[in-house]
Amino acid sequence: ALAGFLELGETFEQCLAREVQEESGVDVSDAEMIYQESQPWPFPRSLMVGYQTKLPPPTFENPPRLVGAAGQTVALPSAPPTRVPFGRSNDAELADVRWFHRDYLRATLRGATDASEAAMLSRAFYGDENDDAASPPVQVPGEHSLARRLLDRWLDDIRGTDTSAAVEGGGLIERISSAPNLDALSNGHKHWRRKYVLCVVSDVMTDECKLVVRIHELDDYGYHMDCYRQLVGECRAIDDKRRLQVEPLGGGRIEFNPWCDGDGNDGVTHSGYGSFVVYGYSNAFPFERQPLHDLSAAIVQHAYPFLDVSWHDGGY
């Protein structure tokens, strides 16, 4: 949440774009700005106006498309997502600027004030090398402030998607997340390497389909088939009529480096938070049609936009 003052002759939208750029170095478009609410501010007899905005969607001359075995077109979560720009604070105005993952922010707003929990969250989501548990969690504005209400509204919008009551004939596939099961980031202070599969989940009644990444829960153990069976189990748990069909497209490995670059070299990543590398292959589910690590990496990037994500076709 950023704030600034309106200059003479500016519209609210022009002010928002200017202040965001000046304070964070990130460019936003007025086409993505949505008015939320206002709040009186007595110093000096001002009115605070709250907006929500997002980065403009990337444009592609040839958006990637994937066709499943049954001929259906598979939709990416976006086409394809890219890492968010690395915000850089203006030293004259702000001490620091960074992106916050909504899970981290939710945990903070729930009251993660315990020092050990705060340190764990900080390491998990942002790869802080400092293990000093005395470091306080991020501070958020008071509940009566406009900034806090904007944060709460954003979290409510995310949580407000009803994934629990799919109507008959549609919506069932939305209950399966494309994002990888990266709860392993709760141990984000350590490096790990795990097997993964990329699958397409299709609803035979609505012809809807989506790409899904699933990761093995054990470091360098188990089989790619275990990841596939895990996803099948997720589908069966919400689909007793077996409308959802799971087709494995391929697999490989995903490696997480908390404080290393994509090549495993010590040092600070471009984002400063950590990195994922998608690579390798699966004997059970080879990429027979085309290399698909780029699509898997795009899904991982979409789920964790504050991390560096790269891919290559080498290695096992």
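Modeller: Let's start with a term: a nonpolar core is a set of buried Ala, Val, Leu, Ile, Met, Phe, Trp, Tyr and Cys residues joined through side-chain atoms within 4.5 Å. Buried means under 20% relative accessible area, exposed means over 50%, and partly exposed lies in between, with a 1.4 Å probe and protein chains only. This is a predicted model, where local features need pLDDT of at least 70 and side-chain atom pairs count only at pLDDT 80 or more, while totals for chains, interfaces and linings use all residues. Residues are numbered from 1 along each chain as its sequence is written, and side-chain values use heavy atoms, with hydrogens and water left out.

Biologist: Thanks! How many residues does the largest nonpolar core have, and which of them have the most contacts inside it?

Modeller: The largest nonpolar core has 22 residues, and Y196, L198, L211, V213, I254 and F276 are those with the most contacts inside it. To see where its residues come from, we need helices (H or I, at least four residues) and strands (E, at least two), which are DSSP runs numbered from the N terminus. At least two residues of this core come from each of β5 (192–203), β6 (209–215), β7 (244–257), β8 (275–279) and α6 (293–303). The most is given by α6, with 5 residues. There is also a second, separate core of 15 residues, and V212, V232, C235 and L244 are among them.

Biologist: I noticed cysteines there. How many disulfides does the structure hold?

Modeller: A disulfide is a covalent bond between the sulfur atoms of two cysteines. The cut-off here is a pair of cysteine sulfur atoms within 2.5 Å, and the structure holds 0 disulfides.

Biologist: How far is the sulfur of C199 from the closest cysteine sulfur?

Modeller: The closest cysteine sulfur to that of C199 belongs to C227 and is 8.6 Å away, so the two are too far apart for a bond. C199 is buried, at a relative accessible area of 0%. C15 is buried as well, with 9%.

Biologist: Now charged side chains. What does the count of salt bridges come to?

Modeller: A salt bridge is a side-chain nitrogen of Lys or Arg within 4 Å of a carboxyl oxygen of Asp or Glu. By this rule there are 9 salt bridges. One of them joins R18 to E10, with the closest N and O atoms 2.6 Å apart. Both R18 and E10 are buried. A network of salt bridges links E10, R18, E19 and E22.

Biologist: And in which helix do R148 and D152 lie?

Modeller: Helix α4 (residues 146–159) holds both, 4 residues apart, which is about one turn of the helix. R148 is buried at 14% relative accessibility, whereas D152 is partly exposed at 25%.

Biologist: Which parts does the pair of E255 and R193 tie together?

Modeller: Their side chains form a salt bridge at 3.6 Å, N to O. E255 is in strand β7 and R193 is in strand β5, so the pair ties together parts that are 62 residues apart in sequence. E255 is buried at 14% relative accessible area, and R193 is partly exposed at 26%.

Biologist: How should I read the surroundings of a single residue? Take L155: is it buried or exposed?

Modeller: L155 is in helix α4 and is buried, at 2% relative accessibility. Contact means heavy atoms within 4.5 Å. Setting aside neighbours within four places in sequence, L155 is in contact with R102, L105, R106 and L109. The C-alpha atoms of L155 and R106 are 7.5 Å apart, while the residues are 49 apart in sequence.

Biologist: Which residues is K195 in contact with, leaving aside its neighbours within four places in sequence?

Modeller: They include R214, H216, G222, C227, R253 and Y316. K195 sits in strand β5 and is buried at 8% relative accessibility. A polar contact is a pair of N or O atoms within 3.5 Å; within protein, one must be able to donate a hydrogen and the other to accept it, and residues adjacent in sequence count only if both atoms are side-chain atoms. A polar atom of the K195 side chain lies 2.8 Å from the backbone oxygen of G222.
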